[in-house]
Amino acid sequence: MMFHAGPREAAGPTAVSAPPASASLCLNCRVHRSCIGSIAAEAGTTHLQGVLSGRQALQSGEVLRRDTSDRAFFVVRSGCLKSVQAQTDGARVLGFHLPGDLLAADAPQVTFTAVVATELCAMRYPPGAGVDADTRALLGRLWDMRSCELLREHAQRSWFATLAAHQRVAAFLSTIASRLRARGESTADFRLRFSIGDIAGYLRLPSEPVGETLASFVRRGLLQGGPGQLRVVDAPALQREAHMRRPL
């Protein structure tokens with residue numbers, strides 16, 4: 001069995017809901033522990049209310065549109081996005097963003113595209129003097145959270161670069177499973193809808209060995225499903241595979 005990238009769904013219009021009636025809704029969100037709900041619990045919701053600007057829905061394949069008049073953070077509430085950066089030698093997949101992940105939408109030459117139907121929580125704020133001291137403190141915490149995510153992503157990519165092709169694929173899948181578990185998501189219910197091309201681009205590998213490795217993992221019972229519908233069945237085995245050297 002060999003996996004190939006399939007066609008993408010057509011993008012549809014973006015839907016933006018009204019701002020939440022109260023920022024206390026963040027405290028009841030299922031991903032709040034890995035998002036900003038913990039900050040709201042510490043500092044109260046008054047200042048968070050000042051930057052919340054509603055929820056935004058994206059269809060599969062739709063690009064996140066950004067308003068350049070304001071600076072913005074987005075939190076993935078459900079679904080998944082990929083970030084892609086335009087470079088001189090082509091587009092480069094930078095990462096995949098899961099529920100609870102924080103996005104800074106002003107990264108240069110980076111686009112965020114929904115891998116599946118996705119819902120985001122938007123937080124917009126005017127630059128400069130339009131932000132009071134308490135809100136600036138809150139935004140500082142958000143920037144700290146985003147900085148930690150960037151450091152994690154950099155360390156992860158550096159580790160992947162030291163691995164053989166089959167190990168990179170196993171490490172990528174086990175890392176995704178670990179991130180989902182940390183956010184209270186069930187890997188049994190979460191389908192990995194990344195295309196072979198996107199995984200290969202992120203791991204800096206040709207598509208063929210990535211497809212062959214995924215097919216091997218399915219045959220061995222580590223994964224279930226087909227292209228765009230993979231489900232992690234045995235995350236510990238994937239983690240062992242990531243650290244296992246094949247004999248020469």
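Q: Which element gives the largest share of the lining of the second largest pocket?

A: In this predicted model, the largest share of that lining comes from α3, which supplies five residues. The elements giving two or more residues to the lining are β4 (81–87), β5 (90–97), β7 (110–114) and α3 (133–160).

Q: What is the volume of the second largest pocket, and which residues lie closest to its centre?

A: The volume is about 260 Å³. The lining has 16 residues, and the closest to the centre are L94, A107, V110, R146 and L150.

Q: How do the residues of this lining divide into nonpolar, polar and charged?

A: The lining of the second largest pocket holds eight nonpolar, four polar and four charged residues. Leu, Ala and Val count as nonpolar and Arg as charged, so among the residues closest to the centre, L94 is a nonpolar one and R146 a charged one.

Q: Why is T175 called buried?

A: The relative accessible area of T175 is 16%. Buried means under 20%, so T175 is classed as buried. T175 is placed in helix α4. Leaving aside residues up to four places away in sequence, T175 touches Q156, W159 and F160.

Q: What makes helix α4 largely enclosed?

A: Of the 18 residues of α4, 14 are buried, so the helix is largely enclosed by the rest of the structure.

Q: How does the reach of α4 stand against the expected span?

A: Helix α4 covers residues 165–182 and reaches 26 Å from its first C-alpha to its last, close to the 26 Å expected at 1.5 Å a residue. Just after α4, G184 takes a positive phi of about 80 degrees.

Q: What makes helix α5 mostly covered?

A: Helix α5 spans residues 196–203, and six of its eight residues are buried. The buried ones are I196, D198, I199, A200, Y202 and L203. Just after α5, R204 has a positive phi of about 60 degrees.

Q: Is L103 buried or exposed, and how do you know?

A: L103 has a relative accessible area of 0%. The cut-off for buried is under 20%, so L103 is buried. The residue is found in strand β6 (residues 102–104).

Q: What does L103 touch, not counting residues up to four places away in sequence?

A: With that exclusion, L103 touches A72, F73, F74, V76, L81, H97 and F112. L103 and V75 are 28 residues apart in sequence and 6.1 Å apart in space, C-alpha to C-alpha.

Q: How many disulfides does a search of the whole structure find?

A: The search finds zero disulfides.

Q: Why does C148 count as exposed, and why is C121 called buried?

A: C148 has a relative accessibility of 51%. Exposed means over 50%, so C148 counts as exposed. C121 has a relative accessible area of 17%, and buried means under 20%, so C121 is buried.

Q: What share of the chain is buried, and how many helices and strands does the chain have?

A: Buried residues make up 46% of the 248 residues. The chain has seven helices and ten strands.

Q: What share of the contacts with a separation of 6 or more comes from residues 24 or more positions apart?

A: Such residues account for 74% of those contacts in the chain.

Technical notes: Residues are numbered from 1 along each chain as its sequence is written. This is a predicted model: local features need pLDDT of at least 70, side-chain atom pairs count only at pLDDT 80 or more; totals for chains, interfaces and linings use all residues. Side-chain values use heavy atoms; hydrogens and water are left out. Buried means under 20% relative accessible area, exposed over 50%, partly exposed in between (1.4 Å probe, protein chains only). Helices (H or I, at least four residues) and strands (E, at least two) are DSSP runs, numbered from the N terminus. The expected span of a helix is 1.5 Å times one less than its number of residues. Contact means heavy atoms within 4.5 Å. On a 1 Å grid over the protein atoms alone, a cavity is a set of points where a 1.4 Å probe fits but cannot get out, and a pocket is an open set with protein on both sides within 12 Å along at least five of seven lines; lining residues have an atom within 4 Å of a point. Grid points are joined across faces, edges and corners, and a volume is the space filled by probe spheres set on the points. A disulfide is a pair of cysteine sulfur atoms within 2.5 Å.
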